[in-house]
Amino acid sequence: MTTTSPLIHCRRLGKTYRTLRRREGVLRLLGGLVKREHVEHAALVDADLDILQGEMVGLIGANGAGKTTLVKILAGIIPKTHGTAEVFGRDCFDLRDAEKTRLSLVMGQRSQLWWDIPPLDSFRLLRAIYDVDHDVFERRVAEHAERLGVADRLEVQLRQLSLGQRMKMEIIGAFLHDPELVFLDEPTIGLDLVSQETIRRFLRDLNRERGVTILLTSHDMADIEQTCERLLILDGGKLLFDGDLPDLQRRLVGKRRVELHLEDELVGEPTDAAEVARKHDGELVEVSPRRLVFLVPTARSQALVRELFDLLAVKDLSVERQPLEDLVREVFRRGQLEDAP
Amino acid sequence: MRGLLSTVRRYLTVAGQLARIGVRRKSQFRVEFFSQVVMDCFWYTIHVTVFEILLLHADDIAGWRHEDIRVFIGFLFVSDAFMMMWLGQQWRFGRDLKDGKLDPFRVRPVAPSFLYFFQQFSLEAVFNIIAAVGYLTYGLIRADLEWGPGRFLLIAWAIVIAFWARTVLTILFSILEFHLLNSDLARSLEHAFGATADRPLDIFARRVKLFLLHAVPMGFLSHWPAALVLGRREPWLALLDTTWMLLFGVLTFQAWKLSFRRYESAMG
Amino acid sequence: MSGAVAAAPGGLRHHWRILRSAVAYEYKKAAAFKAGFIVRELIHGIERPIIMIFVYKAIFVSSGAAAIGTYGEADLIAYMLLGATLWKLVFPERGLDLAEQIFEGFITKFLIMPLRFFLMMLGRFVQYSSLQLLIASTFWLLGLLIAPAIWPRPVSAVAVAQALTLVLLGSYCYFLLIVVLNTMAFWLDVVWTLLVMVRFIVGFCAGQLLPLALMPGFLKTTLPWFFPYWMLCAPVEILLGRLGGADFQRGLLTLIAWTLALQLLAAATWRRGLRRYTGVGQ
């Protein structure tokens, strides 16, 4: 469910951190007490971004790419150094209580609930903070806990819950006041596959049913691929890509992954097959006795498959879109994206 | 007016929930509970002992007789008990600020200073309150005062202002941490100035006394409340003092709010 | 057998190298933040004795007496000023973060290293004491420059040596007691209350606010059996010439006995605690 109302608006947004330059040696160390040298580090450089109401946006980047910095600026936690950053039409760093009531934040690596009490008690505090009606609160807690499969853990101390259960509780807390905009900073970090899938489904459902706008950062490409329609790629503080997955593939001159299962075992190196792949601007990326995997530009995949069928006794074949992970790796490798032809 | 009432109601509800969380937490950690109670017993005992020993050698200290000193200590204990009950989080402020642990407080629709400093309700401080009120009552009974509704009103007035002053001073000292990160300034200054509240301000020269009443109002924790109840402060002056203390508090909260804009979280 | 097994590093030189590194590391930590360094190391700990000077002045004015106990007004002021100076050498109860490291499981990394963890803590003590010696000397010299008329001077160089010996040894006893209390983190959920409690008691018994001469009779006879008295009150009185060589010897013996007892206790609680250590934090 996407409308045209902009919720987040950034222009030439930048953030520079200033850190102390460490010096070696006792004299220099003592000298540092008098005169200090600082190093400036640009965590975010001239980012332009608009996010509309109801969008689910994935933010990808390596460690130190500037993802968390961007989320913190947008959530109003830290000020920008320059540029424009607005949420609900207001400077992010000057949000009033009225706007704060409309957003929420989940940080995967930092709990916002009380460590040594049951989550339900923390939720009651959040209910008081956000002034949620009692019946609505009871209904939402029950509903969210049911969906996330933790209804029977609400009265257990947070510290006694598993990592996955704790994260689910954090997410329930974040959605209790029915926010319009939710920032999730690596919510599935360290979780098992089942918990990851449960959380992704929960986010998708909330987005579809209530039109919640979600900005999700993650290292796990599956998170982004399975939940977000739109993708932002950050590297070295620069926004390298802003668009959907097909667009990313198109602009990277997307590739196909061709996997062949052979009738007979290979004898020796498959040099002929590798030669054919090269001829079509592709490459042979994996070799095992009865299996070969090729990466080839989408436009050349059909021709490659035809030639390989002529060359080898093929038992089975699969042609797949290149995984998002590979695409992102490609973006980082290139450092920038040329416009689509 | 309705908006104000609704805000007050919401803040009281939040405070109620924080108290509930505090009770729930502490009921799980009995050792923590009892060790804090014992620690406070030591603090009370040593404080009273020092004064008792000093008063073995003199009839009064700067005009405060033995019976006056008891009332003074009573108010010191009461305002300290309030701090132990509600403001324990202040000891972690410097570190939390340095470690970037204030993020959640920036995104909540409640005053961050309130939510941060009042987040650790301490159940064991109920004991402090009982002990402090007990000692204050003992001091007041021994003080040979004339009793009537006016006296009770004065006591209530003194206690409310002492609590208000304790909150304001906690916020005031923490402001420095924003400007000198990891300096431990809040704690160090609280210690340094806190020591001045442990003795009647009349031991100091007039200018120092005025400074400790109106610039860094430590005197409102113990000296002023005791002076008010013992009739050592004229009512009209006390009214002026109260007005100043309230205004000082409002200014302090605004300064904290402005300083919180310097918060840089943790890099990432 | 020709298999080359790397010899485990050991011996005094190895321990000395570790201690030196630990001291350097602690200095770097202390100096990491300018304001913190100045406040924590320079200002801390002098406020209460200074305020007591005003209390004593008020008592002398109120009572009109020439002396309280065996102390005249000038003597009491001198006691408080020297007490404030020497207290700077006393290791602070929050000077170690061992309990926190145990709670959070941070000591694990040291346990698998070929070193005695105690050396890391000792590094902190050495760093603190060496720096505070400099700071206390500066503080005393500044006082002498600003207020030469009232600022107390030690009776002799020997008295200074005796007083410093007692203070540093007493501070080491206090440091060991703090180590013992920190190791309680292996058993308890919280130890800061114990540390604060001990600070109240040690401060009182050391005569930080009241010299022993002002205390009631039973305290006068009891307190000299404990290390805090020899850590502060006695050294100040040695500097003022109120105690002599025989007192110094008694103090030295008392402190050595306490050091041995506390060293054994610290080793025992550490060893027993490690058996309960799970190596996990929150």
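Helix α10 of chain A, residues 271–279, lies across strands β12 and β13 of chain A. The angle of helix α10 to β12(A) is about 155°. The model is predicted.

The strands come next. In chain A, an open sheet of four strands runs in the order β12-β13-β11-β14. The pairing is antiparallel. β12 (283–288) and β14 (314–321) of chain A stand at the edges. Each has a single partner strand, so one side of each is left without a neighbour in the sheet. From one strand to the next, the twist averages 15°.

Look now at one pair inside this sheet. Strand β11 of chain A covers residues 255–262, and strand β13 of chain A covers residues 291–297. Seven bridges join β11 and β13 in the antiparallel sense. V258(A) stands opposite F294(A), which belongs to β13(A).

Now turn to the nonpolar cores. In soluble globular proteins, nonpolar side chains tend to be buried together. The largest nonpolar core here has 223 residues. Within this core, L74(A), C173(C) and M231(C) have the most contacts. Helix α8 of chain C, residues 157–183, gives the largest share, 15 residues. What does L74(A) touch, leaving aside its neighbours within four places in sequence? The contacts of L74(A) are I8(A), A85(A), V87(A), C92(A) and F183(A). Another core, of eleven residues, lies apart from the largest one. Its members include V258(A), V276(A), F294(A) and V296(A). V258(A) and F294(A) are the residues that stand opposite each other in the β11–β13 pair.

Two loop residues of chain A remain, and both concern the backbone angle phi. Most residues other than glycine have a negative phi. D131(A) has a positive phi, near 55°. D131(A) sits in the loop between α4 (119–130) and α5 (134–148) of chain A. Is D131(A) buried or partly exposed? A residue counts as buried if 20 or more other C-beta atoms lie within 10 Å of its own. D131(A) has 17 other C-beta atoms within 10 Å, so it is partly exposed.

D178(A) is the second case. Its phi is positive, about 55°, although D178(A) is not a glycine. The loop that holds D178(A) lies between α6 (163–175) and β7 (181–185) of chain A. D178(A) counts as partly exposed because it has 15 C-beta neighbours inside 10 Å.

Notes: Residues are numbered from 1 along each chain as its sequence is written. Chains are lettered from A and ligands numbered from 1 in the order in which they are written. This is a predicted model: local features need pLDDT of at least 70, side-chain atom pairs count only at pLDDT 80 or more; totals for chains, interfaces and linings use all residues. A residue is buried if 20 or more other C-beta atoms lie within 10 Å of its own, exposed if 12 or fewer, and partly exposed in between; C-beta atoms are placed from the backbone. Two strands pair if DSSP finds at least two bridges between them. Axes are lines fitted to C-alpha atoms, for helices over the stretch in contact, and angles run from 0 to 180 degrees between N-to-C directions. Two residues are in contact if their C-beta atoms, placed from the backbone, lie within 7 Å. A nonpolar core is a set of buried Ala, Val, Leu, Ile, Met, Phe, Trp, Tyr and Cys residues joined through C-beta atoms within 7 Å.
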